Amino acid sequence: MNDEEVLNTPRTSVKFSWNHGGKQVAIIGSWDNWETREILQSIGKDFIVAKTLPSGIYHYRFIVDGWLTHAPDLPWVCDDSGNSYNILDLMTPVLEFPESLSEFEFPPSPPSTYDNQYFNDDDFSRPPPDLPPQLRETILNESSRCISGQQSGMQPRHTELNHLYQNNVGDCLKR
């Protein structure tokens, strides 16, 4: 593979973790022909490292306090020599597309989606709907409230609107 192919190859982020004890844990694997020994970071009782790898099937082993081993709770295999390896399958799934989409019959759309009535004068004389209560709260322009060095728990809430109301302000915009 040349440099351009390597850069354009889709990659997947993978988290490797070891939670079976030890003082120092590292990982080695077939992703670089077993050349690099990468130390896992200790977080509590777990050891973790994240890698970004191209699609493929990889074998890897953990080195725990100097001893080569595998994680028994993850997929693993044993070779003819009795060495055990964990397996990571990042193969890109092969999507099965039919030769032609003409063999599929799409279900008809319900008639209610296409029988929309035209607007009449009565529709335009009604006032717009009230704003949802979530939109009346303005937290983005308020100063942050800190209580003994900690921010208050007020977080923006997700709001989705499926209507848009535009107020006619044409006279105000004329200069």
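User: What makes the charged end of arginine 61 count as sitting over the ring of tyrosine 85?

Analyst: The charged end of arginine 61 lies 5.0 Å from the centre of the tyrosine 85 ring, and a charge sits over a ring if NZ of Lys or CZ of Arg is within 6 Å of the ring centre and within 35 degrees of the ring normal. This is a predicted model, in which local features need pLDDT of at least 70 and side-chain atom pairs count only at pLDDT 80 or more, while totals for chains, interfaces and linings use all residues. Residues are numbered from 1 along each chain as its sequence is written, and side-chain values use heavy atoms, with hydrogens and water left out.

User: Why is the pair of tryptophan 31 and tyrosine 58 called edge-to-face?

Analyst: The structure holds seven aromatic pairs. Rings of Phe, Tyr and Trp (its six-membered ring) pair if their centres lie within 6.5 Å, and planes under 30 degrees apart count as stacked, over 60 as edge-to-face and the rest as tilted. The centres of tryptophan 31 and tyrosine 58 are 6.2 Å apart and their planes stand at 65 degrees, so the pair is edge-to-face.

User: How do you know whether tryptophan 31 is buried or exposed?

Analyst: Buried means under 20% relative accessible area, exposed over 50%, and partly exposed in between (1.4 Å probe, protein chains only). Tryptophan 31 has 18% relative accessibility, and therefore counts as buried. Tyrosine 60 is also buried, with a relative accessible area of 4%, and asparagine 86, at 0%, is buried as well.

User: What makes strand 2 largely enclosed by the rest of the structure?

Analyst: Five of the five residues of strand 2 (residues 25-29) are buried, so strand 2 is largely enclosed. Val25, Ile27 and Gly29 point one way from the strand, and Ala26 and Ile28 the other way.

User: How do you know that strand 2 and strand 6 pair?

Analyst: Two strands pair if DSSP finds at least two bridges between them, and strand 2 and strand 6 (residues 57-64) have five, in the antiparallel sense.

Key. Helix = DSSP H or I, 4+ residues; strand = E, 2+ residues; numbered from the N terminus.
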